[in-house]
Amino acid sequence: MSPLPRALAALAPIPQVAKAAATIPNQLLNLLFPTRCAGCGQMGELFCPACLAQVQPVPPPVCLRCGRPVASAGRCEGCAAGQFYVSAIRGAALYADPLAQAIHRFKYEGRPELHAPLGELLAGYWRGRSVTVDLVAAVPLHAKRLAERGFNQSDLLATVLCSQVQLPCVQPGVFCRTRETQQQMLLGSVERRANVQDAFAWRGPPLGGCKVLLIDDVATTGSTLEACAQALLAAGAGKVWALTVARALGGPGTAP
Ligand SMILES: [Zn+2]
Ligand SMILES: [Zn+2]
């Protein structure tokens, strides 16, 4: 990891995540609203050990670029034929239940606290790799969507990853979604590309050849990651990689 230019470092501190203290109000809250596992609904944990044990890695070998399973090592047909902004996409796990269910609850059922176990999956994956990056950036939400949801799931995931593995994380608002886009899960692959084209902008200092790791919850066609990477490369990034909690293998419409 090369030292970041000072202007950039100021916008991307290594986050410190404090452990929630077991205060009396917290204990009381747990009594009144017991935690339920986001996978199976059992009471007690955010994501229980039985559900965690069902989380599967993407079966190797995977395409060097898109991270989908391939018959033999190398690039899949689509990646061998095309040119891409994201150098490589990896999913910490396969997009399947109970993880898919947990991600759905995290994003659409107002359970931001699930960033902790889901972010831990990213950190676990990253610890096993030898790749280095200079900067971590979350896929941004548009301000309107952020106001509706109350949190950006990718920001929360990136914060867990960065605090666990000590990487600088771009603060919210520096990398932006400049226009409203439709939910990708409702669209086909061609429409997905058009939906997010030119929707992102880097508002920080030039990226000066930095290697950037993009974080999102799920990769399906990779269109959102591509549009983000295009904006980051235009701002001077040297390379862009992407890591998501889950890698969906199905076609468009199978994952959020
Ligand atoms: Zn469970
Ligand atoms: Zn591929």
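Glutamine 166 counts as exposed because it has 9 C-beta neighbours inside 10 Å, and the cut-off for exposure is 12 or fewer. The model is predicted. In it, glutamine 166 has a positive phi of about 60°, although it is not a glycine. The residue sits in the loop between helix 8 and strand 3. Aspartate 198 also has a positive phi of about 60° and is not a glycine. Its place is the loop between helix 9 (189-196) and strand 4 (200-202). Aspartate 198 has 11 C-beta neighbours inside 10 Å and therefore counts as exposed. Most residues other than glycine have a negative phi, and most peptide bonds are trans.

Two cis peptide bonds are described here. One joins proline 60 and proline 61, with omega about -5°. Proline 61 lies in the loop between helix 3 (49-53) and helix 4 (77-81). Another cis bond joins aspartate 97 and proline 98, with omega about 5°. Proline 98 belongs to the loop between strand 1 and helix 5.

The loop between helix 8 (153-165) and strand 3 (175-177) also holds proline 168. Proline 168 is buried, because 21 other C-beta atoms lie within 10 Å and the threshold is 20 or more. Sequence neighbours within four places aside, proline 168 contacts Leu4, Ala9, Ala12, Pro13, Ile14, Leu135, Val136 and Cys162. Valine 86 is 82 residues away from proline 168 along the chain, and their C-alpha atoms are separated by 19 Å.

At the level of the whole chain, ten helices and six strands are present. The C-alpha trace spans about 55 × 45 × 35 Å along its principal axes. The radius of gyration is 18 Å, which agrees with the value near 18 Å for a compact globule of 256 residues. Of the 256 residues, 38% are buried. Among contacts with a separation of 6 or more, 73% come from residues 24 or more positions apart.

The strand pairings can be followed from strand 2 (residues 135-138). Four bridges join strand 2 to strand 5, and the two run parallel. Alanine 137 stands opposite leucine 214 in strand 5. Leu135 and Ala137 point one way from strand 2, while Val136 and Ala138 point the other way. All of these residues are buried.

Strand 5 (residues 211-219) in turn pairs with strand 6 in the parallel sense, over eight bridges. Alanine 219 has arginine 247 in strand 6 as its bridge partner. Between strand 5 and strand 6 the chain passes through helix 10 (residues 223-234), and this β-α-β crossover is right-handed. Strand 6 also pairs with strand 1 (residues 88-94); six bridges join them, and they run parallel. Here isoleucine 89 stands opposite alanine 242 in strand 6. Strand 6 (residues 239-247) is mostly covered, with seven of its nine residues buried.

What is the size of the largest nonpolar core? This core has 66 residues. Val136, Leu214 and Ile215 have the most contacts inside it. Leucine 214, leaving out residues up to four places away in sequence, touches Ala137, Val139, Leu225, Cys228, Ala229, Val240 and Ala242. Val136 is in contact with proline 168. In soluble globular proteins, nonpolar side chains tend to be buried together.

Helix 5 (residues 99-108) shows a one-sided pattern of burial. Leu99, Ala102, Ile103 and Phe106 are buried in this helix. Seen down the axis of helix 5, its buried residues fall within an arc of 100°, so they line one face. An α-helix has 3.6 residues a turn, so residues three or four places apart point the same way. The buried residues of helix 5 pack against strand 1, helix 6 (115-127), helix 8, strand 5 and strand 6. Glycine 110 follows helix 5 and has a positive phi, near 60°.

Terms used: Residues numbered from 1 in each chain as written. Chains lettered and ligands numbered in written order. Predicted model: local features only at pLDDT ≥ 70, side-chain atom pairs only at ≥ 80, totals over all residues. Pairing = 2+ DSSP bridges. Right-handed = clockwise from strand over helix to strand, strands pointing away. Rg over C-alpha atoms; globule rule 2.2 N^0.38 Å. Contact = placed C-beta atoms within 7 Å. Core = buried A, V, L, I, M, F, W, Y, C linked by C-beta atoms within 7 Å. Arc of directions from axis to C-beta.
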